Amino acid sequence: MRFSRHLQIRNLIHPATSLSALLLILISIVMTCSQPANALPAFARKYGLRCSACHESWPMLNYFGQKFKDNGYQLMNDRDSPIWQNPGYWPVTFRIIPIWHRVSTGKVAVDTYSSGNPLPTGSAIQRITTSGFDLSGLDFHTGGTLEKNFSFYVLPSSDNTASFHFETVMARLDNLFGSPWFNVKLGKFELDNLLSEKRILTLTGNGGIYQLYHFSPLTAAGVPDGNVWGKMGDNQLGLEVMGHSWNDRTRYSVALLSTNDGTPGLPYGNAYTGFFAASQAFDAGKAGVQRVGFYAMVGQAPTTWLTSGGPNGVIGGSGAGNKSFSREGFVGQFYFGQHIDLQVVTQHGQDNAWFGQGFGDLVDGVASGNNTVGTVLPAGSQSPSWNGVLLEPHYVYSPQLIFIGRFETIRMSQQASPGMASNFGNISTYTIGYRYNPFMTPRAGFAWHNEYNWLHQDGTGPIPGTNINTSELLLGFDFDF
């Protein structure tokens, strides 16, 4: 669930009085947080676990929660089979978030009018700020075991207008041949990277996604390049084989995916993508269990299309002219005692020069007219490449209260066309916030969520060479039942 998949242009807020009020609220919360919390309802009703057993702060998993997930939502005891459950048990959780948010969009080109003239007479640059009450979409989680070592997860999810789609639909064969090293998953699922966007703690439009997982370089025209398939944060359709040691310290996964960004119906063509991940955890004594690993997403995607009746008559599923793209990097989860941890992700990405010139993506099923068979690349075209890093620290005051920070920066190392500014499209973003859980029982959960995000992008203002600063302040009640 996320409020926006695309970059939104917002600006910064500096109300001193609001900051003072926020500090007073934080102090009062810290002084009142002492009672324990319990687990996320769907699995808590089955196993009776406390929230702190599986979650650093729901929905983010801790070490034990990751192991529970890796085992196919099983504790590896006799009670994993549904036959042990009350016939009235239904493994379902609903999640939705009513919010108030303030969105500020800087440097927007707007029309100007003269007196008595109904037609625009010019344009100006203006900041647009709006605020009000809103809703997230609805997530309808159901998952668990069909039988011991046969697990499933289904997630119908909607946007805030109740337009539904299937975010996750997967079944998994667990512990094949009696070994945790061999588990097979088929369906639509999140990629098995350690820092999961599906368990992200933040909710704003730009802070509620990991920019590294969705970044697209810009073409010379200032629009995202034609590769819409390399979105590591989106659930994908495919087959995954994963395995882990008995204590989950060592783990690997290999997935073969259709290159369609999780879109059903084979709309693009015959192209596949591979996703590979591995990690190793080690005990650092009083500091805790540390984990380091790597990931790589390597694939191909179409750049040309067969047509019927002209360049706009694209034949669905006829994508050809496959070109390559890649995303690879390192991940780390580092703990500094019981209260502080830091998650780190790095990335190097590259798209083929064809994507850098806008070839590839179909807009509403229609080719743009220049990405059909027989076209050639403009002179001097290059493969765009970039490097990025994400740092996300947490301070867990108690199982009820967590403070969140994040810094992401993405820097272009090679642009798609000669003459483009070297920093064109670079992103830096900061997010701070906290989540307070007054209770979390096996029946329901509630979090008071407060968050602020600021994002800067180079060179994308309506006036050439100007930058964009965006911001959002969000307060919401995140609840599930």
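Which residue stands opposite Phe-152 in strand 8? Ala-171 does, and we'll get back to that pair of strands below.

## What you're looking at

This is a predicted model, where local features need pLDDT of at least 70, side-chain atom pairs count only at pLDDT 80 or more, and totals for chains, interfaces and linings use all residues. Residues are numbered from 1 along each chain as its sequence is written, and side-chain values use heavy atoms, with hydrogens and water left out.

The chain has six helices and 20 strands; these are DSSP runs, numbered from the N terminus, with helices being H or I of at least four residues and strands being E of at least two. Of its 481 residues, 51% count as buried. Here buried means under 20% relative accessible area, exposed over 50%, and partly exposed in between (1.4 Å probe, protein chains only). Take the contacts (heavy atoms within 4.5 Å) between residues at least 6 apart in sequence, and 65% of them join residues at least 24 apart.

Strand 7 (residues 150-158) and strand 8 (residues 164-173) run antiparallel and are joined by nine bridges; two strands pair if DSSP finds at least two bridges between them.

Met-170 has Gly-187 in strand 9 as its bridge partner.

## Aromatic rings

The whole structure has 18 aromatic pairs. Rings of Phe, Tyr and Trp (its six-membered ring) pair if their centres lie within 6.5 Å, and planes under 30 degrees apart count as stacked, over 60 as edge-to-face and the rest as tilted. One of the pairs is Phe-407 with Tyr-430, which is tilted, at 5.0 Å centre to centre and 35° between the planes. Phe-407 sits in strand 17 (residues 401-414) and Tyr-430 in strand 18 (residues 427-440), so this pair links parts of the chain 23 residues apart. Phe-407 is partly exposed at 24% relative accessible area, and Tyr-430 is partly exposed at 41%.

Phe-479 and Phe-481 make a stacked pair, because their ring centres are 6.3 Å apart and their planes are at 20°. Phe-479 is partly exposed, with a relative accessible area of 25%, and so is Phe-481, at 42%. Together with Phe-94 and Phe-140, these two form one aromatic cluster.

## A buried glutamine

Gln-357 is in the loop between helix 6 (353-356) and strand 16 (385-398). Is Gln-357 buried or exposed? At 19% relative accessibility, Gln-357 counts as buried.

Leaving aside neighbours within four places in sequence, Gln-357 is in contact with Thr-219, Leu-377, Pro-378, Ser-381, Ala-416 and Ser-417. Its C-alpha atom is also 6.4 Å from that of Asp-225, which is 132 residues away along the chain.

Four cavities of 30 Å³ or more turn up in the structure. On a 1 Å grid over the protein atoms alone, a cavity is a set of points where a 1.4 Å probe fits but cannot get out, and lining residues have an atom within 4 Å of a point. Grid points are joined across faces, edges and corners, and a volume is the space filled by probe spheres set on the points.

The second largest cavity holds about 90 Å³. It is lined by 13 residues, and the closest to its centre are Glu-190, Leu-191, Glu-197, Tyr-213 and Met-232. That lining divides into five nonpolar, four polar and four charged residues. Ala, Val, Leu, Ile, Met, Phe, Trp, Tyr, Cys and Pro count as nonpolar, Asp, Glu, Lys and Arg as charged, and the others, Gly among them, as polar.

Terms used. On a 1 Å grid over the protein atoms alone, a cavity is a set of points where a 1.4 Å probe fits but cannot get out, and a pocket is an open set with protein on both sides within 12 Å along at least five of seven lines; lining residues have an atom within 4 Å of a point.
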